[in-house]
Amino acid sequence: MRDPDGLIARAGVRGDPDRDQHFLVDDRVLDRLPTYLEEIDADTSHLLEIGGGTGALTDRLLAVGDEVTVVERDRDLAAFLREEFAAEIDAGELTVVEGDALEVELPDFTASVSNLPYGVSSEIAFRLFPEKKPLVLMFQQEFAERMVAEPNTSEYGRLSVSSQHYAEIELVESIPKEAFSPPPAVQSAVVRAVPREPDYTVADEDFFLRFVKALFTQRRKTIRNAIRNTAHISGLTEPEAVVDAADEAVLRKRAGAMAPTEFAALAQLAWEVGDPDDS
C-alpha cells in the first residue's frame, strides 16, 4: 500500500482546514475501512469514493475492488490522482472524476467507502442513501451519533429518522483527531449503512421526510402544536384536519419520543387528510 505521508509529499500539498481538507494518514484506519464492506459480503466490483484527496484510501480500495471511481473537487488533487494512479487508470481499474460530488453524475457503483468533506457530509450522504447501496462513510463523531440515535435520547432527531429510513445504520469505529493531517477540531467516526426497506410504508417519501423535518423544528412542542406551527414547512394546507384525525396519545407526545414507525403512520394520515401541497 502507498504511504499516506509519501502521497502528501508527492502531491506537494498540505491539508487546509479552511477548505475542509483533512487527509487521513493513519495506515491502520485506512486498512480497516474496506473491511467494513467485507464483513457484510458487499459487492465490491465497482467502488465509489467521494473526496479522494491524495489517494491513500483510493489505493486501499483498488486492492479490494475490481473498479474504483473517485470524485475529487480540487483541480490540483484530481490532477495528482491522475498522475499518481496513471497505471491503474490505463488498466481501466480507476476513473477520476473532477467535480463537486453534489453536482456530478455518479456512476452505477456497487458500494461506497469515503472520508467525506465534513462541511457537506449531510448533503452527500442523502444523495447516496437513495441509491440503496452499502456505504462506509466517515463523519464528525457527533453527526454519526445522531444518525444512529434511538428515540428518547438527546441525540435523536430528524437526522436519525431520515437516515434510518433508508438503511440499517451502525457506528463501527471512532477515529481520533491524530489520524488526520492536519488534525480536525473534533473526533470523527465511521458509519456503515446497509440498505433495507423500512418496516412501514409511506405514500410519498418526499412528503414523509419533509413532515419529519417540520415536526423536529418544534421538538419541544407537543405533536399537536408542532403540526399546527409547521404547516409552512410540511406543506399542509389543512393542519387542523390532521390534528382532528390523529390519536390523542400521539398528539400529546413530542418529536423526540416518536419512533420512525409512528412518524410514518402520522405522515400517512397527514397525507390523506391534510391536503399537502406539491412543494
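Because the model is predicted, local features need pLDDT of at least 70 and side-chain atom pairs count only at pLDDT 80 or more, while totals for chains, interfaces and linings use all residues, and side-chain values use heavy atoms, with hydrogens and water left out.

**First stop**

Select G51, G53, E72, N115 and P117, which are the closest to the centre of the largest pocket among the 32 residues that line it. A pocket here is an open set of points on a 1 Å grid over the protein atoms alone, where a 1.4 Å probe fits, with protein on both sides within 12 Å along at least five of seven lines, and lining residues have an atom within 4 Å of a point. The space in this largest pocket is about 500 Å³, a volume being the space filled by probe spheres set on the points.

Next, colour β1 (23-24), β2 (46-50), α4 (56-64) and β3 (67-72), each of which gives at least two residues to this lining.

**Second stop**

Now select S122, F126, F143, R146, R158, L159, S162, D206, L209, R210 and K213, which line the second largest pocket, where about 280 Å³ of space lies. Finally, colour domain 1 (4-195) and domain 2 (205-274), because the lining draws at least three residues from each, with the domain bounds coming from an automatic or database domain assignment.

Conventions
Residues numbered from 1 in each chain as written. Helix = DSSP H or I, 4+ residues; strand = E, 2+ residues; numbered from the N terminus.
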